[in-house]
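Hello,

Here is the structure we talked about, with notes on what turned up in it. Please read them with the model open.

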Amino acid sequence: MSKKAMDKGILEKILTGLSDRNIRFSELRNLILSLGFDERIKGDHHIFTKAGVAEIINLQPLRDGMAKAYQVKQVRSIILKYKLHEEG
């Protein structure tokens with residue numbers, strides 16, 4: 001499976017924490033995939049796992065296509081905890 005190119009703009013937007021309510025679900029999903037996570041989908045739940053990361057990320061889009069703010073915060077904390085933003 002090939003890693004998608006990381007969107008540094010979205011990564012920066014998520015890491016600043018200033019616009020958690022203004023992140024599109026598709027942008028968050030693509031960022032997670034670019035960080036090397038594997039995805040499985042069950043209904044509207046997108047479940048992401050990665051070797052070496054204990055947490056499982058479980059996301060569901062809002063009806064307007066945006067990511068849920070608390071899920072953006074969870075992703076940010078995992079990125080920072082495992083220093084995933086330093087890998088790319």
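Subject of these notes: a buried aspartate and its surroundings

Aspartate 20 sits in the loop between helix 1 and helix 2. Please keep in mind that this is a predicted model. With a relative accessible area of 7%, under the 20% limit, aspartate 20 counts as buried. Its side chain makes a polar contact of 2.9 Å with the side chain of arginine 76. Setting aside neighbours within four places in sequence, aspartate 20 is in contact with Ile14, Ala67, Ala69, Val72, Lys73 and Arg76.

Helix 1

After the helix comes glycine 17, which has a positive phi, near 75 degrees.

Which residues of helix 1 are buried? They are Ile10, Leu11 and Ile14. Viewed down the helix axis, these buried residues fall within an arc of 100 degrees, so they line one face of helix 1. Lys8 and Glu12, on the other side of the helix, are exposed. The cover over the buried residues of helix 1 includes helix 2 and helix 3.

The core

The largest nonpolar core has 22 residues. Leu28, Leu31, Ile32, Phe37, Ile57 and Leu59 are the ones with the most contacts inside this core. Helix 2 gives the largest share, 5 residues.

Not counting residues up to four places away in sequence, leucine 28 touches Ile14, Ile23, Leu59, Ala67, Val72 and Val75. Among these partners is Ile14, one of the buried residues of helix 1. Ile14, Ala67 and Val72 are also among the contacts of aspartate 20.

Methionine 66

Methionine 66 is in the loop between strand 3 and helix 3. Is this residue buried or exposed? Methionine 66 has a relative accessibility of 13%, so it counts as buried. Leaving out residues up to four places away in sequence, methionine 66 touches Arg21, Asn22, Ile23, Arg24, Phe25 and Pro61. Ile23 is also one of the residues that leucine 28 touches.

Lysine 50

Lysine 50 belongs to strand 2 (residues 45-50). Why does lysine 50 count as buried? Its relative accessibility is 17%, and the limit for buried is under 20%. The side chain of lysine 50 reaches the backbone oxygen of leucine 35 at 2.4 Å. Lysine 50 also lies over the face of phenylalanine 37, 5.8 Å from the ring centre. Phe37 is one of the residues with the most contacts inside the core. Beyond four places in sequence, lysine 50 touches Leu35, Gly36, Phe37, Leu84 and Glu87. As for pairs of aromatic rings, the structure holds 0.

Regards

Note on methods. Residues numbered from 1 in each chain as written. Predicted model: local features only at pLDDT ≥ 70, side-chain atom pairs only at ≥ 80, totals over all residues. Heavy atoms only, no water. Core = buried A, V, L, I, M, F, W, Y, C linked by side-chain atoms within 4.5 Å. Buried < 20%, exposed > 50% of the residue type's maximum accessible area, 1.4 Å probe, protein only. Helix = DSSP H or I, 4+ residues; strand = E, 2+ residues; numbered from the N terminus. Contact = heavy atoms within 4.5 Å. Arc of directions from axis to C-beta. Polar contact = N/O pair within 3.5 Å; in protein donor to acceptor, adjacent residues only side chain to side chain. Phe/Tyr/Trp six-rings, centres within 6.5 Å; stacked < 30°, edge-to-face > 60°. Lys NZ or Arg CZ within 6 Å of the ring centre and 35° of its normal.
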